[in-house]
Amino acid sequence: MQPLIYLASQSPRRRELLLQIGVHHTVVGTNIDETPLPNEAPAEYVIRMALEKARAGRQATGQKAPLPILGADTAVVVNQRILGKPRHREDALAMLEQLSNTTHKVLTGVALIGQREETRLSVSKVSFRPISPPEAAAYWDSGEPRDKAGSYAIQGIGALFISRLEGSFSGVMGLPLFETGELLQRVGITPLQY
Ligand SMILES: Cc1cn([C@H]2C[C@H](O)[C@@H](COP(=O)(O)OP(=O)(O)OP(=O)(O)O)O2)c(=O)[nH]c1=O
């Protein structure tokens, strides 16, 4: 299968979601500084990160990359605070405690660079039931929280905590497919031919 785009992401979830809609692609590794700017709003942050990943990927493929390149970034936001990926066990347990028995937002920014730069934002609301400390510890031991924003995975065991989702399942998982489809259409890629 010929790739249709480059994917500037090392996330296996983004790869899986793109393949779900039949968009074959080539993965390009990027390494950018993911530190939020002082007073940067979460929505601005995820869009900026998505764009920077796509731009860095474009650099890596050479300036005259023949294919469009997609970048995305996901952040869990609770009380206006951005929760990224946990640095260690205590970090993850503290995040799960903050998310327990409350509703948070998951923001995913998507950027597609073709002839021009285009971005979209997906915002979802996720409600968690209460999580006890031993349960959070067992969840950490499962290995799942390690590389996930907010220390949980909606597509995994983390689903047990989610009492309600308002928004986009794929957006929470890392790549909102509705918004991604809109961006792909802008560059003439329509997975569903009719
Ligand atoms: C909230 C949530 C996040 N995640 C994952 C998606 C992303 O991989 C990760 C958020 O971190 P990101 O920094 O958005 O992405 P990444 O570092 O994994 O990949 P890259 O920068 O190379 O694109 O958390 C889930 O898989 N399920 C979930 O329910």
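Q: What makes the largest pocket a pocket, and how much space lies in it?
A: About 860 Å³ lies in the largest pocket of this predicted model. A pocket is an open set of points on a 1 Å grid over the protein atoms alone, where a 1.4 Å probe fits, with protein on both sides within 12 Å along at least five of seven lines. Lining residues have an atom within 4 Å of a point. There are 39 of them, and Glu34, Thr74, Lys85, Asp147 and Ala149 are the closest to the centre.

Q: How do you know what the model's values rest on?
A: This is a predicted model, where local features need pLDDT of at least 70, side-chain atom pairs count only at pLDDT 80 or more, and totals for chains, interfaces and linings use all residues. Residues are numbered from 1 along each chain as its sequence is written, and side-chain values use heavy atoms, without hydrogens and water.

Q: Why is Asp73 called buried?
A: Buried means under 20% relative accessible area. Asp73 has 4%, so Asp73 is buried. UniProt, in an unreviewed entry, places the feature "active site" at Asp73; such annotations may be inferred rather than shown by experiment.

Q: What makes the pairing of the Asp73 and Lys53 side chains a polar contact?
A: A polar contact is a pair of N or O atoms within 3.5 Å, one able to donate a hydrogen and the other to accept it. The Asp73 and Lys53 side chains make one at 2.9 Å.

Q: Why is His104 called buried?
A: His104 has a relative accessible area of 1%, so His104 is buried. Its side chain also makes a polar contact of 2.8 Å with that of Tyr152.

How values were computed: Grid points are joined across faces, edges and corners, and a volume is the space filled by probe spheres set on the points. Buried means under 20% relative accessible area, exposed over 50%, partly exposed in between (1.4 Å probe, protein chains only).
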